[in-house]
Amino acid sequence: MEKPVFLEDYVKDLTSGNEGSLIVKFAIPMLLGNVFQQLYNTVDSIIVGNVVGKEALAAVGASFPIMFLLLSLIMGITMGATILISQYFGAKDYEKLKKTLDTTYIFLFFGSIAISILGILLSGPILRLMNTPQDIISQAQTYLNIIFAGMLTLFGYNAISAILRGLGDSKTPLYFIIIATLLNIVLDLVFVMTFGWGVAGVAWATVISQGVSFLSGILYLNKNHDFLGIKFKGMRFDGEIFKKSLRIGLPAGVQQMLFSLGMMALQFLVNGFGTDTVAGFIAATRVDTFASMPIFSFGAAISAFAGQNLGAGKMERVRRGHRVTLMVSVSLAFITAIFIFLLGGFMIRMFNSDPEVVRIGSNYLKIVSAFYGVVAWMFITTGVMRGAGDTFVPMIISILSLWLIRVPLAAIFSGFMGESGIWWSIPVAWSVGLILTLIYYRTGRWMSKVVVKNVQMGQRPPAKAGSL
């Protein structure tokens, strides 16, 4: 298949130029996109927490682990496809690139339907299994059922965004999500404050806004870039490509599922302390998510950077890119931690002004923000390995740090420290995860997992190639 004429001009070439500049330029639009996307949940929480009450705030937040559980496997496989896309583009294999695009679109279409059905059927039983307080369980189930009914829109937008980012284009998805987020804010205000729909209103606002974002993406791609467009006529599902996506993405999907199960276990412990603790925890995690976005964005940027450069056989650029990204992200983590420590209480009050809710949420932020640098170091290093296609070992490390450290310590610490014990289990698990990640990174074995074996790569690099 000949190279699409527009493609090299359309996407960012991450295999040439200054490493630091390229990664920062790629990460910034992604960061802005993540900020706007996270505003979906944050605006929902702020409006229901202030207009409806702390019970509604707790209900919306308690729903997230269940959503994450049912989404995680599908999104993990999508991650595998994104890595294939970045490597095929770096290797200039446009025929396989197109097959990967078609296969990803088809899989996500049917996967979203399956998740919608499962989510609606299981939302109630899972909420009860998680020891959800009785005063919020009905609202939480209402919220979940509406969100699951609109899964196709959520998957569709994220698929288009992931594909474009895998090719190096992080700006176009940003434009779609800005429009959708602004629409979501307007609909939240109308549905909740004017119509009085409560948590159902914020759920419908989210689904409608995601639908607009998805349709905008389809129209843009089909009108401007036939190669990337979603056109069911002539679209083919490639079994071999799907198997490769599974091999790369399934470990990440399993990791996300086990991670979400761990989050459900922690949510179970939090739920046992009552609605005030649930509301404070949810408000704090909303702030925590925003604070962590630079870390996640740079992790995704270095992953795309590593995928394209390894596909092109430029291993030394990956090593330099890792160092630059690490310095930037750790510095940002330190600055963010200071900001959160000083203003955490004010941020919690944005969601709900109940004194007990504010106390609990502020305490969470003070404990976890001090360890943002640890998270940055771990995510950037893991991002390089995932860009190479090595997702299995990071999965094992994540599982071990969550299930052998975080969940058991949360249960033990909360027995004599109260809810603060759950918060302290988080940085301890991060620290163990970082140590294990650095040990594996230094072996250099992750470099042998590259799917596209470019002739420039030669034999597997020695272990010292992976050193910092």
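**Entry 1. Salt bridges**

I began with helix H10 (residues 239–271), where Glu-240 and Lys-243 are 3 residues apart and so separated by about one helical turn. Helices here (H or I, at least four residues) are DSSP runs numbered from the N terminus, as are strands (E, at least two). I noted that the model is predicted: local features need pLDDT of at least 70, side-chain atom pairs count only at pLDDT 80 or more, and totals for chains, interfaces and linings use all residues. Residues are numbered from 1 along each chain as its sequence is written, and side-chain values use heavy atoms, with hydrogens and water left out.

I then looked up the contact between these two side chains. Glu-240 forms a salt bridge with Lys-243, with 3.7 Å between the closest N and O atoms. The term stands for a side-chain nitrogen of Lys or Arg within 4 Å of a carboxyl oxygen of Asp or Glu. Both Glu-240 and Lys-243 are exposed; exposed means over 50% relative accessible area, buried under 20%, and partly exposed in between (1.4 Å probe, protein chains only). I recorded 7 salt bridges in the structure.

Lys-99 is partly exposed at 34% relative accessibility, and Glu-95 is partly exposed at 39%.

What distance, N to O, separates the side chains of Lys-98 and Asp-102 in their salt bridge? I read 3.5 Å for this pair. Lys-98 and Asp-102 are also 4 residues apart in H5, so about one helical turn lies between them. Asp-102 is buried, with a relative accessible area of 9%.

In the loop between H5 and helix H6 (134–149) I found Asn-131. Asn-131 has a positive phi of about 65°, although it is not a glycine. Its relative accessibility is 36%, so Asn-131 counts as partly exposed.

**Entry 2. The largest pocket**

I looked up the largest pocket, which holds about 170 Å³ of space. On a 1 Å grid over the protein atoms alone, a pocket is an open set of points where a 1.4 Å probe fits, with protein on both sides within 12 Å along at least five of seven lines; lining residues have an atom within 4 Å of a point. The pocket has 12 lining residues, and the closest to its centre are Tyr-105, Phe-109, Leu-152, Phe-214 and Ile-230. H5, helix H7 (151–166) and helix H9 (199–224) each supply at least two lining residues. H7 gives the largest share, 5 residues.

Is Ile-335 buried or exposed? I found Ile-335 in helix H12 (residues 315–349), and at 54% relative accessibility Ile-335 counts as exposed.

Tyr-364 lies in helix H13 (residues 355–369). At 3% relative accessibility, Tyr-364 counts as buried. I also compared Tyr-364 with Asp-288: the two are 76 residues apart in sequence and 9.2 Å apart in space, C-alpha to C-alpha.

Methods
Grid points are joined across faces, edges and corners, and a volume is the space filled by probe spheres set on the points.
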